[in-house]
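Please keep the sequence and the structure in view while reading.

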Amino acid sequence: MDYLVMQNRANAGEIEPARVISARDKIVAVIGGGDTGSDCVGTASRQGAKEIHQLEILPEPPSDRTADNPWPEWPRILRTSTSHEEGCMRRWCVTTKKLTGKNGEVTHLHGAEVEWQADGPRYKMRELPGTEFVMPVDLVLLAMGFVHVEHSDLVEKMGLSLDKKGNIITDDNFETSISGVFAAGDAASGASLVVRAIDAGRKAADAIDRKLK
Ligand SMILES: Cc1cc2nc3c(=O)[nH]c(=O)nc-3n(C[C@H](O)[C@H](O)[C@H](O)COP(=O)(O)OP(=O)(O)OC[C@H]3O[C@@H](n4cnc5c(N)ncnc54)[C@H](O)[C@@H]3O)c2cc1C
């Protein structure tokens, strides 16, 4: 997410604020309704965006847990962050079909509404005919999901084993499929939280120390 990283670097005084991708006076579309999308909404709002639209492909979650989502499972409920409260338009069940523009700059987002139908244990998406829309946009931010650690270079060249989701496989001692190579944090667990990465980093350091001794 170049956009968020740049703003953080500017806040930390590492780069000139003028070099940051800015949403000032722009119509912004954030594609993706998750936490990263919410961070984009908040950043665009504080940069002085003219309008912010957050487009999510999945249906609007319920405000309370449903019967098939009991405690202690992660509650799949609607979350409204302080960023949302600062102002944005949120839409659910919307797919983006294409972006168009001129002179190398985006000017329009072409979307359509979708519905999700149960298909055995899974859900199938269907575009609703006649719901296509075109909206003017000046800045489009892609926040559609963290997949896994980057595989290029280090991971692929070393030939580290990966799990089905593309995360680096480690044993209980944080050691990867290659002896003497360790992994911890998001690279091994998949997208998670800072506290978990810190904890895993400390435990991995202990495990490395034991191995060296
Ligand atoms: C937009 C966004 C918002 C988030 N908000 C929160 C939040 O509010 N609270 C929270 O707890 N968590 C949040 N997270 C999750 C949190 O950032 C991660 O869980 C955490 O940073 C994982 O730490 P890590 O050290 O495993 O990986 P990272 O923080 O990703 O660090 C990995 C580092 O390795 C570097 N690197 C990659 N390849 C190489 C290489 N070949 N050689 C050298 N260095 C390399 C990368 O540049 C990077 O600096 C957020 C994540 C995102 C993307």
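## Terms and the model

Helices and strands are DSSP runs, numbered from the N terminus, where a helix has at least four residues and a strand at least two. In these terms, Asp153 sits in the loop between β8 (139-142) and α4 (154-158). The model described here is predicted.

## Backbone features in loops

Asp153 has a phi near 55°, which is a positive value in a residue other than glycine. Cys93 also has a positive phi, near 55°, and is likewise a residue other than glycine. Cys93 belongs to the loop between β3 and β4. Is Cys93 buried or exposed? With a relative accessible area of 18%, Cys93 is buried, because the term applies under 20%.

A further backbone feature involves a proline. The peptide bond that runs from Trp71 to Pro72 is cis, and its omega is near 10°. Pro72 is placed in the loop between β2 (51-55) and α3 (82-85).

## The largest pocket

Rolling a probe the size of a water molecule over the atoms shows where empty space is left. The largest pocket holds about 1,900 Å³ of space. Its lining is made of 48 residues, and those closest to its centre are Gly33, Gly34, Asp35, Glu56 and Leu58.

Which helix or strand gives the most to this lining? The answer is α2, which contributes 4 residues to the lining of the largest pocket. At least two lining residues come from each of α2 (35-46), β4 (94-102) and α6 (194-212). Sorted by class, the lining of the largest pocket contains 25 nonpolar, 13 polar and 10 charged residues.

## The second largest pocket

The volume of the second largest pocket is about 200 Å³. Among the residues that line the second largest pocket are Leu4, Val5, Gln7, Asn8 and Asn11. The lining also includes Ser38, Asp39, Gly42, Thr43, Arg46 and Ser83.

Two helices, α1 (2-11) and α2, each supply at least two residues of this lining. The helix α2 also supplies residues to the lining of the largest pocket. How many residues of each class line the second largest pocket? There are 2 nonpolar, 7 polar and 2 charged residues in its lining.

## Salt bridges

Side chains of opposite charge can pair when their charged atoms come close. In the whole structure, 10 salt bridges are found. One of them joins the side chains of Glu113 and Arg91, with an N to O distance of 3.4 Å. Glu113 is in strand β5 (residues 105-119) and Arg91 is in strand β3 (residues 89-91), so this pair ties together parts that are 22 residues apart in sequence. Glu113 is partly exposed, at 30% relative accessibility, and Arg91 is partly exposed with a relative accessible area of 30%.

Another salt bridge links Lys203 with Asp199, whose closest N and O atoms are 2.9 Å apart. Lys203 and Asp199 are separated by about one helical turn, because they are 4 residues apart in helix α6. Lys203 has a relative accessible area of 43% and is partly exposed, as is Asp199 with 36%. A salt bridge also forms between the side chains of Arg76 and Glu73, at 3.8 Å from N to O. Arg76 counts as partly exposed at 48% relative accessibility, and Glu73 counts as partly exposed at 36%.

## Surface and distance

Ile57, Leu58 and Met125 make a nonpolar surface patch of about 230 Å². Leu58 is also listed with the residues closest to the centre of the largest pocket. Met125 is part of strand β6 (residues 122-127). The relative accessible area of Met125 is 36%, so Met125 is partly exposed.

Lys102 lies in strand β4. Is Lys102 buried or exposed? Lys102 is exposed, with a relative accessible area of 58%, because that term applies over 50%. The C-alpha atoms of Lys102 and Ile178 are separated by 49 Å, and the two residues are 76 residues apart along the chain.

Note on methods. Residues numbered from 1 in each chain as written. Predicted model: local features only at pLDDT ≥ 70, side-chain atom pairs only at ≥ 80, totals over all residues. Heavy atoms only, no water. Patch = residues over 30% accessible without salt bridge, like charges linked within 9 Å, V, L, I, M, F, W, Y side chains within 5 Å. Areas by Shrake-Rupley, 256 points an atom, 1.4 Å probe, with all protein chains shown as cover. Salt bridge = Lys/Arg side-chain N within 4 Å of Asp/Glu carboxyl O. Buried < 20%, exposed > 50% of the residue type's maximum accessible area, 1.4 Å probe, protein only. 1 Å grid on protein atoms, 1.4 Å probe; cavity = no way out; pocket = protein on both sides within 12 Å on 5 of 7 lines; lining within 4 Å. Points joined across faces, edges and corners; volume = space filled by probe spheres on them. Nonpolar A, V, L, I, M, F, W, Y, C, P; charged D, E, K, R; others polar.
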